[in-house]
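Please read the points below with the model open.

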Amino acid sequence: MDFHRFYQTWYEQLHDLVNHLNKAPKPPTTDADDHQLTQLVNKVMFHFSEYYRVKSLAANKDVLSIFSAKWSTTLERSLHWIAGWRPTTAFHLIYTESSILFESRILDILHGLRTGDLGDLSPVQFTRVSELQCETVHQENSVTDQLSEWQQDEASELIGGTCVDLEKKIERLVKIVERADELRMRTLKAVVELLTPQQAVEFLIAAAQLHFGIHRWGLNHDRERAEK
């Protein structure tokens, strides 16, 4: 199966997993509820790890096709950072969801009622989110610098007509993509681990809905362009 067909199947399965997340008990009222939420989170995380496992295999086979990402819309490709989503997007999503939920339930929170959702992050959680964001920005910049260096080297050689050993250069590009994907997955895991099961479910739903929404907008945009 090529990566395009794998992605289509993977994307459909993500929809099914999100449906299960939406139906999960929130807030959990028993240990059994908590266990169910944890199991669902683990299933979604495994689904993402499988995506990056197969993507790595595809990149080693043809990394340039990973950059062209024909399974994505033109809108999605315009938002890509090294053949995928920018890891720091996870933190913007947490802050946005937390603010929206906090504002909608501010009276309950002011009266001391704990909601247990993303609008009820503890000071310790906020501190950890901030620390992770700083670490991730630093790592993002490091990978970006690697890609910039690769591009500059290739441009210089092409202009000078001295491009040799293309295979090794492509292998170097593969490593950059893999490092970017490792950062994406590591960031996702770190965020989920600092949240409660309920908060992790809410975060994963929000992340998936953002993914689905951008894909829908991109499909509509591409369709309108094709009709002109």
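This is a predicted model: local features need pLDDT of at least 70, side-chain atom pairs count only at pLDDT 80 or more; totals for chains, interfaces and linings use all residues.

1. Aromatic pairs. The whole structure contains 11 aromatic pairs. In one of them, the ring centres of Tyr-11 and Phe-212 lie 5.4 Å apart with the planes at 80°, so this pair is edge-to-face. Tyr-11 belongs to helix α1 (residues 3-23) and Phe-212 to helix α8 (residues 197-227), so the pair ties together parts 201 residues apart in sequence. Tyr-11 is buried at 12% relative accessibility, and Phe-212 is buried at 2%.

2. A further pair and the cluster. The rings of Tyr-51 and Tyr-52 are also edge-to-face, because their planes stand at 80°, with the centres 4.9 Å apart. Both of these tyrosines are buried. One aromatic cluster includes Tyr-11, Tyr-51, Tyr-52 and Phe-212, with Trp-10 and Trp-71 also among its members.

3. Lys-55 pairs with Asp-181, the closest N and O atoms being 3.0 Å apart. Since Lys-55 lies in helix α2 (residues 31-68) and Asp-181 in helix α7 (residues 166-194), the bridge ties together parts 126 residues apart in sequence. Lys-55 has a relative accessible area of 1% and is buried; Asp-181, at 6%, is buried as well.

4. Other salt bridges. Asp-153 and Arg-172 form a salt bridge with a closest N and O separation of 3.2 Å. This pair links helix α6 (residues 123-160), which holds Asp-153, to helix α7, which holds Arg-172, across 19 residues. Asp-153 is partly exposed at 31% relative accessibility, and Arg-172 is partly exposed at 31%. Within helix α7, Lys-175 and Glu-178 are three residues apart, about one turn of the helix. Their side chains meet in a salt bridge of 4.0 Å, N to O. Lys-175 is exposed at 56%, whereas Glu-178 is buried at 16%.

5. A buried glutamine. Gln-199 lies in helix α8 and is buried, with a relative accessible area of 2%. Its side chain makes a polar contact of 2.8 Å with that of Gln-125. Beyond the residues up to four places away in sequence, Gln-199 touches several others, including Gly-116, Asp-117 and Leu-121.

6. A surface patch. Which residues form a nonpolar patch on the surface? They are Phe-102, Ile-106 and Leu-107, with about 270 Å² of accessible area together. Phe-102 sits in helix α4 (residues 89-104) and is partly exposed, at 34% relative accessible area.

Definitions and conventions:
Residues are numbered from 1 along each chain as its sequence is written. Side-chain values use heavy atoms; hydrogens and water are left out. Patches are made of residues with over 30% relative accessible area and no salt bridge: like charges are joined within 9 Å, nonpolar side chains (Val, Leu, Ile, Met, Phe, Trp, Tyr) within 5 Å. Accessible areas come from the Shrake-Rupley method with a 1.4 Å probe; for residues, only the protein chains shown count as cover. Helices (H or I, at least four residues) and strands (E, at least two) are DSSP runs, numbered from the N terminus. Buried means under 20% relative accessible area, exposed over 50%, partly exposed in between (1.4 Å probe, protein chains only). Rings of Phe, Tyr and Trp (its six-membered ring) pair if their centres lie within 6.5 Å; planes under 30 degrees apart count as stacked, over 60 as edge-to-face and the rest as tilted. A polar contact is a pair of N or O atoms within 3.5 Å; within protein, one must be able to donate a hydrogen and the other to accept it, and residues adjacent in sequence count only if both atoms are side-chain atoms. Contact means heavy atoms within 4.5 Å.
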